[in-house]
Structure formats: C-alpha cells, structure tokens
Amino acid sequence: MKYDYDNKYLAEFTGRYDGSYKFAGNVSGKRWGFFPSGSVAWRISKESFIGRPDLY
C-alpha cells in the first residue's frame, strides 16, 4: 500500500508471507511467517522554505 500527500510526504507499507524448511525446526505448522516492512520519505526539495527549487 502506498500513500502520497501533496507529492511531498510519502509512505509505503508491504508484507509478505514466506515459508522455509528452516523455520521452527520440525514443528508442524510453523514453517510460514509474515514479514512486514515499511518506509517513509519527505521530499524536502518541494518545501517553500528551501529557496529556489529550480536548482534541484
């Protein structure tokens, strides 16, 4: 899922469900796991206080 506000503030969240024979040894039903991740960003060049945005 991605979110963008005013082309300045950005956020992205994702997750995956992955399995491996290495997870939880020989325990049945424990070979899968959910792995979430996320990121946020700020485009400072889009802010008015930076000065001359045409330089970027």
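The structure is a predicted model. Tyr9 takes part in an aromatic pair with Tyr5, and this pair is stacked.

**Aromatic pairs and a charge over a ring**

How many aromatic pairs does a search of the whole structure find? The search finds two. The table gives their geometry.

| Aromatic pair | Centre to centre | Angle between planes | Class |
|---|---|---|---|
| Tyr5 and Tyr9 | 6.1 Å | 20° | stacked |
| Tyr17 and Trp32 | 5.7 Å | 10° | stacked |

The pair of Tyr17 and Trp32 counts as stacked because its planes stand at 10°, where the class asks for planes under 30 degrees apart. This pair links distant parts of the chain: Tyr17 belongs to strand S2 and Trp32 to strand S3 (residues 32–42), and the two are 15 residues apart. Are these two residues buried or exposed? Both Tyr17 and Trp32 are exposed.

Another ring, that of Phe35, has a charge over it: the charged end of Arg16 sits 5.3 Å from the centre of the ring.

**Strands and sheet**

The chain has three strands and zero helices, and its elements run β-β-β from the N terminus on. The strands form an open sheet in the order S1-S2-S3, with antiparallel pairing. S1 and S3 are the edge strands, each pairing on one side only. From one strand to the next, the twist averages 10°.

S1 and S2 pair in the antiparallel sense over four bridges. Within this pairing, Lys2 has Glu12 of S2 as its bridge partner. The two strands form a hairpin with three residues between them. Asp6, in the turn of this hairpin, has a positive phi of about 60°.

S2 and S3 also run antiparallel, joined by 11 bridges. Here the bridge partner of Thr14 is Ser37 in S3. In a regular strand, side chains alternate between the two faces of the sheet.

**Lys8 in the loop**

Where does Lys8 lie? Lys8 is in the loop between strand S1 (2–5) and strand S2 (9–19). Why does Lys8 count as buried? Its relative accessible area is 16%, and the limit for buried is under 20%.

Lys8 is in contact with Ala41, Trp42, Arg43, Lys46 and Glu47, leaving aside its neighbours within four places in sequence. The C-alpha atoms of Lys8 and Ile44 are 7.3 Å apart in space, although the two residues are 36 residues apart in sequence.

**The chain as a whole**

Of the 56 residues of the chain, 7% count as buried, and Lys8 is one of the buried residues. The accessible surface of the chain comes to about 5,100 Å². Carbon and sulfur atoms account for 57% of this surface. Among the contacts in the chain with a separation of 6 or more, 34% are between residues 24 or more positions apart.

In short, the predicted model is an open sheet of three strands with antiparallel pairing. Its two aromatic pairs are Tyr5 with Tyr9 and Tyr17 with Trp32.

Definitions and conventions
Residues numbered from 1 in each chain as written. Predicted model: local features only at pLDDT ≥ 70, side-chain atom pairs only at ≥ 80, totals over all residues. Heavy atoms only, no water. Buried < 20%, exposed > 50% of the residue type's maximum accessible area, 1.4 Å probe, protein only. Contact = heavy atoms within 4.5 Å. Phe/Tyr/Trp six-rings, centres within 6.5 Å; stacked < 30°, edge-to-face > 60°. Lys NZ or Arg CZ within 6 Å of the ring centre and 35° of its normal. Pairing = 2+ DSSP bridges. Axes fitted to C-alpha atoms, helices over the stretch in contact; angles between N-to-C directions. Areas by Shrake-Rupley, 256 points an atom, 1.4 Å probe, with all protein chains shown as cover.
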